[in-house]
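Here are my notes on this one, as numbered points. Have the structure open while you read.

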Amino acid sequence: MRTPVTAPEHVAGEAAGAQRPPRRLPFWVDQRLGLLVLTVALAALFGVLRPAFLDQRLVLFPLLREISTLTVVALAQLAVLSVGHMNLAVGRMAAFGALFAGLGYDRLHLPLQLGLLVCLFAGAVIGGLTGWIIARTGVSSFVVTLAMDFALMGLVSLLYSALTENAAFTTRPSGLLDLRSASLADICVGRVCGSPAVPQMAQFTVLALVGLGFLYTRTRMGRELLLTGANPKAAELSGIPTGRRVILAHSLSGLLAALAGFMAAVSTGTFRASIGDDFMLPSFLGAVLGGTLLTGGVVCVVGALLGTSLVAVIRKGLDLLGVGLESLNIYLGCVLLLALSADRVRAVVSYRKVVRST
Amino acid sequence: MITINEYGARTSAALRRFSRSTTTTLLCVTLGGYLALGIASSGEFFQGPSVRTFLQYLATPVLIGLAQMVALCVGQLNLAVGALGGCTACLMGVLMADGGVPAPIAVAAGVLTAMLVGLVTGVFIVATRINGFIVTLGVMTILLGAQYRLAGTRTVDGYSPALKELGRAAPLNVPLVFLTALAVAGLLAVFLYRATAGRRLLAAGGNPLAARLSGISTDRQIVLAHTLSGLLVGVAAVTATASLPGVNRSVGGDWLLPSFAAPIIGGVGLSGGSVAVFGTVLAAFVMRLIDAARAQFSLDPSWVNFLIGLVVLGTVVGGRVHQTHLEKRGKAHGRTPPAPAGRGPTADATLPNAGGGQ
């Protein structure tokens, strides 16, 4: 599902059928395959070293729940990266959305689904506002989202301390606890159709993945988003309302961030201001490791899932191996830098090969 | 605010007027705010101890703002500012408290380490051609881990009393650390505005292609900028270690956003090629004023972030509006708009095309 804007998939497919186009890189350059193999291999390695790693209820379930949440965070970043922008305020937008969900449950006693809708709406609005400021003024998205991050950080904590007594909404609508701990085995007929390791919350992630994948590969709107990211001027000249696409990308990002905030709140059970504090790093890690370019125009929706999984597996595995919390970040940073430089080396080598062979 | 285009050109007079106006605005805001605060506190704010505390905690924000500014002037971002500062501060604290290293050697070692980390970051960016944003993100993660490993959960405070004495020393109620920060700012200004190496740095940031064609190695400038940024962060860590009662793993945690806010409010563009040493210092002053006002009226600390966010947003949007206004007026009178530089390129800005679609 990696979709560079320059090569529409069906065209590339037809060409490949007749004669392999020379500029096509060999399959082992594909970043996603490498990621998948690496993730599975690492999971197997950790499983052999520490059989506890494969414990479905105690290890895999929370691990998959974390992956589900962080994948949505990475998708929120991916949505803005597709137009060549950045969203430094993902974490705060998540907190902002969760605030409204919590408020709805606490004050209006909304049912679970309605609260989620309110949360998504709030996220989309704040994202849209950010996008509007960027599109209208032409100021760099980095600066605007940075300022947004500051402003929301203050605003959310102010609202929490104004609206609640101990800075958290603890009212839980019916169904929230189920959503938190239910796995596929609970809603299906036991072991017949689902493993107890897959959390029910993964449904949101699958929905987001499918939705974004459809948007970027199949719809005109998605193509226009990518074109806006690849070359804003060319997009503008070909009649794409780039301003509106920028706003769309940012409100999509806000919506996904709010969804991630809701999921994080459900996993912890309370709606508090600290939700999303640590979202910024994973959002870039997942998206960039997955093959989405920071410069815009190329996204890889499945890559976001794979990149996030790799990071989460490494984190959990090292944790189980007894590597202290303090060293975990050191290894993660090294993995990020190594993975990206390896990717770079691979791309250069394969490019040379292709050039030589033609 | 200085850009390379202005150098020696006839437009320099017009540009200087413009740059003066930006700085003057900030100066007026600073003085006005200070006076207002003084009056609101019925004069207490002008007295020795208050001035002293005010300036004491101004040193670090000024220095980290300058560190970020140096990275911005070649079009790079340095996300590792906070982590590097915290890590260096902890390194110095641990060396002195646990290693029994004399203070001067520990300080020198800390500053050198910070500089070295900057150098390595720069070399890595140039060698692998990975986006500087991602590389510094990785370095930030590694340094956060290193800092946690060094300090653990304790607070290191058993270090050299002489250094603490020096940090608290304030001849004529002007703290020594603040004077250090001012001296560093002065040296940096001389380097950037007068030295050949500084001009090269700006040239490489303003227009990499033109710089390369005129025989300036942009790669070397990027390495230099990151090294210099690391050095400034090292000095900031020294001032923090000297003026704080002790160092722990939360030092530097809240440096990243202010480090961006100061140069941006001060009028530095994200696209590179422009610097504003005085503007950055003034912007740090303004942010400190907001903090002081918060303390004066005993408001929730969240107000500070909220207000700083609004100020940053207001500055960039206002600057952009001003620029379009000038352009329109220039067109109406049938002459070229006043200055090629200033806020305009600032806003068009970019990380590789992070600008807004218009």
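1. How do the axes of helix α3 and helix α13 of chain B cross, and within what distance do they come? The axes of α3(B) (residues 59-73) and α13(B) (residues 277-296) come within 9 Å and cross at roughly 140°. Axes here are lines fitted to C-alpha atoms, for helices over the stretch in contact, with angles from 0 to 180 degrees between N-to-C directions. The two helices are therefore oblique to each other; under 35 degrees would be roughly parallel, over 145 roughly antiparallel, 65 to 115 roughly perpendicular, and the rest is oblique.

2. Some housekeeping: this is a predicted model, where local features need pLDDT of at least 70 and side-chain atom pairs count only at pLDDT 80 or more, while totals for chains, interfaces and linings use all residues. Residues are numbered from 1 along each chain as its sequence is written, and chains are lettered from A and ligands numbered from 1 in the order in which they are written.

3. Back to that pair in chain B. On the α3(B) side, the contact is made by Pro61(B), Val62(B), Gly65(B), Leu66(B) and Met69(B); the α13(B) side includes Ala284(B), Met287(B) and Arg288(B). Contact means C-beta atoms, placed from the backbone, within 7 Å. By class there are nine nonpolar, two polar and one charged residues (Ala, Val, Leu, Ile, Met, Phe, Trp, Tyr, Cys and Pro are nonpolar, Asp, Glu, Lys and Arg charged, the others, Gly among them, polar).

4. Chain B as a whole has 15 helices and two strands (DSSP runs, H or I of at least four residues for helices and E of at least two for strands, numbered from the N terminus). Of its contacts between residues at least 6 apart in sequence, 79% join residues at least 24 apart.

5. In chain A, have a look at α4(A) (residues 90-108) and α12(A) (residues 242-268): their axes come within 7 Å and cross at roughly 65°. Among the residues in contact are Gly97(A) and Ala101(A) of α4(A) and Gly254(A) and Gly261(A) of α12(A). The tally is 12 nonpolar, three polar and no charged.

6. Between the chains, the contact takes 48 residues from chain B and 52 from chain A. The chain B side has 28 nonpolar, 15 polar and five charged residues.

7. A word on confidence: chain A has a mean pLDDT of 81 (the predictor's confidence in each residue, from 0 to 100). Where pLDDT is low, the predicted coordinates should not be read in detail.

Terms used: Two residues are in contact if their C-beta atoms, placed from the backbone, lie within 7 Å.
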